[in-house]
Amino acid sequence: MCTKEDMTELKRCVHLMKKGYEVQKLSVINNIERYLKEPGANDELFSIIIDSMLDWDTKMQKECASSFISPLQAGLVDKKNSEKVAVSAVTILIDRDNWENQELLDYWFQVLEVVVGQVDIKFVSSQVIAKVKDLPAYKNEYEVRKMGNRLVLTIANGLGELGFDKDPCLWKLVMGICEDSNYNLRRDGVIFFKEYISKRKEE
């Protein structure tokens, strides 16, 4: 797959994401932080990646997650794309077909923790928390509840005090975890608050 020499670097990347081989697409994804510094990259390039990502295999999705973390932290991803990343993160993490792929999960949990702090709290409440709030419920099997705990606590850690102040549901979910009758599930909440308080003291 060749690209025209008269194309700008951004245009070449867009072309490769649309027509290139997997190895070329991976190269673009792995360097997305650099490309996002170019004007128009969010609309022309990143949107193609995030809109296509859920149709790709888990290898590509893992590479996306590992490459998204730094530009999200740097504020290079715009609001529209950050919202798409947040929704994609939850979609991948609640998919039980992915639960055996620990590396994939770990990367996407990192993305989720960062991205919830980059978008409006109302969006997080309606499009992220709403999709995970029933997972820790007693009616669910242990594996589902355990994943629900990790999702809720990751979101809470990413939002910090803002989440507790603006979304009463989040506080209720976290306290529910801390009061769970199952020690192993309750322990998730205890560890969360221990680390949360320690982190806030350092700030």
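Two rings of Phe, Tyr or Trp, the last taken by its six-membered ring, count as an aromatic pair if their centres lie within 6.5 Å. In the predicted model shown here, a search of the whole structure on this basis finds eight such pairs.

Close-up 1. The rings of Phe46 and Phe68 form a tilted aromatic pair, with 4.8 Å from centre to centre and 45° between the planes. Because Phe46 belongs to helix α4 (residues 41–52) and Phe68 to helix α5 (residues 58–73), the pair ties together parts that are 22 residues apart in sequence. Phe46 has 0% relative accessibility and therefore counts as buried, and Phe68, also at 0%, counts as buried too.

Close-up 2. Trp171 and Phe193 form an edge-to-face aromatic pair, for which the computed values are 6.1 Å centre to centre and 70° between the planes. With Trp171 in helix α11 and Phe193 in helix α12, this pair links distant parts of the chain, 22 residues apart. Trp171 counts as partly exposed because its relative accessibility is 40%, a value between the limits of 20% and 50%, whereas Phe193 is buried, with a relative accessible area of 18%. Both residues belong to a cluster in which ring pairs link Phe164, Trp171, Phe192, Phe193 and Tyr196.

**Close-up 3. The largest pocket and its lining.** The largest pocket has a volume of about 420 Å³, and of the 18 residues that line this pocket, Lys146, Asn149, Arg150, Thr154 and Asp188 are the closest to its centre. The elements that give two or more residues to the lining are α7 (102–115), α9 (142–159) and α12 (183–202), and α9 gives the most, with eight residues. By residue class, the lining divides into eight charged, six nonpolar and four polar residues.

Close-up 4. About 180 Å³ of space lies in the second largest pocket, to whose lining helix α11 (residues 168–178) gives the most, with five residues. Among the residues that line this pocket are Lys133, Asp134, Tyr138, Arg145, Cys169, Lys172 and Asp180. The lining divides into six nonpolar, five charged and one polar residue. Two of the lining residues are Tyr138 and Arg145, and Arg145 lies over the face of Tyr138, at 4.5 Å from the ring centre.

How values were computed. Residues are numbered from 1 along each chain as its sequence is written. This is a predicted model: local features need pLDDT of at least 70, side-chain atom pairs count only at pLDDT 80 or more; totals for chains, interfaces and linings use all residues. Side-chain values use heavy atoms; hydrogens and water are left out. On a 1 Å grid over the protein atoms alone, a cavity is a set of points where a 1.4 Å probe fits but cannot get out, and a pocket is an open set with protein on both sides within 12 Å along at least five of seven lines; lining residues have an atom within 4 Å of a point. Grid points are joined across faces, edges and corners, and a volume is the space filled by probe spheres set on the points. Helices (H or I, at least four residues) and strands (E, at least two) are DSSP runs, numbered from the N terminus. Ala, Val, Leu, Ile, Met, Phe, Trp, Tyr, Cys and Pro count as nonpolar, Asp, Glu, Lys and Arg as charged, and the others, Gly among them, as polar. Rings of Phe, Tyr and Trp (its six-membered ring) pair if their centres lie within 6.5 Å; planes under 30 degrees apart count as stacked, over 60 as edge-to-face and the rest as tilted. Buried means under 20% relative accessible area, exposed over 50%, partly exposed in between (1.4 Å probe, protein chains only). A charge sits over a ring if NZ of Lys or CZ of Arg is within 6 Å of the ring centre and within 35 degrees of the ring normal.
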